[in-house]
Amino acid sequence: MLRRNCTIFVVFLLLAQETSFIEARIWYAKTSVVVKNEVEGGRKLALHCKSRDNDIGAFVLLTHQGIKWSFRPNIFRTTLFYCSADWGEGVHWFDIYTWKRDYLRCTYCQWIIKESGPCLLDLGTRNYDFCLPWH
């Protein structure tokens with residue numbers, strides 16, 4: 001009887017784990033982030049983006065150049081990517097993706113970097129009108 005109960009419990013755990021995996025893949029769709037240099041004056045932008053677990057890398061972007069990466073938000077709802085930006089006037093920081101702010105906002109998040117701060121494209125208006133201050 002004990003052996004049967006243990007077997008049932010193990011099967012239950014395996015099914016629960018598989019269900020969580022499937023739900024996470026469905027609920028938390030693959031997300032892409034695009035960041036483009038729109039700093040005034042045609043200046044180069046040094047950009048370095050990363051999360052706690054993934055370093056996207058450091059890039060030097062010319063005007064209108066960008067980078068793109070994709071990921072799947074974690075099941076704990078804590079996904080955070082942040083970037084440093086420098087165009088010759090000091091290093092500025094911002095959160096490029098936070099699950100809490102962005103999971104309903106975009107799965108293809110298109111940002112431009114301006115001196116005043118990063119701005120996200122609103123797919124409804126096709127304008128970069130969701131702008132954030134630098135940290």
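In the link between cysteine 119 and cysteine 131, the angle about the S-S bond is 110°, and this link is right-handed. The pair connects distant parts of the chain, since cysteine 119 lies in strand β8 (residues 117-122) and cysteine 131 in strand β9 (residues 127-131), 12 residues apart. The two sulfur atoms are 2.0 Å apart, and a disulfide is here a pair of cysteine sulfur atoms within 2.5 Å. Cysteine 119 counts as buried, at 1% relative accessibility, whereas cysteine 131 is partly exposed, with a relative accessible area of 41%; buried means under 20% relative accessible area, exposed over 50%, and partly exposed in between, with a 1.4 Å probe and protein chains only.

The model is predicted, so that local features need pLDDT of at least 70 and side-chain atom pairs count only at pLDDT 80 or more, while totals for chains, interfaces and linings use all residues. Residues are numbered from 1 along each chain as its sequence is written, and side-chain values use heavy atoms, with hydrogens and water left out.

By the distance rule, the count comes to 3 disulfides. One of them joins cysteine 49 and cysteine 83, whose sulfur atoms are 2.0 Å apart. Cysteine 49 lies in strand β2 (residues 45-51) and cysteine 83 in strand β5 (residues 80-86), so this pair ties together parts that are 34 residues apart in sequence. The link of cysteine 49 and cysteine 83 is right-handed, with 110° about the S-S bond, and both of these cysteines are buried.

A further disulfide is formed by cysteine 106 and cysteine 109, again with the sulfur atoms 2.0 Å apart; this link is right-handed, with 90° about the S-S bond. Cysteine 106 is buried, with a relative accessible area of 8%, and cysteine 109 also counts as buried, at 0% relative accessibility. When the bonded cysteines of the chain are numbered in sequence order, the pairing reads 1-2, 3-4, 5-6.

The chain as a whole contains 2 helices and 9 strands, where helices (H or I, at least four residues) and strands (E, at least two) are DSSP runs numbered from the N terminus. From that terminus on, the elements follow the order α-β-β-β-β-β-β-α-β-β-β. Of the 135 residues, 33% count as buried. Among contacts (heavy atoms within 4.5 Å) with a separation of 6 or more, 54% are between residues 24 or more positions apart.
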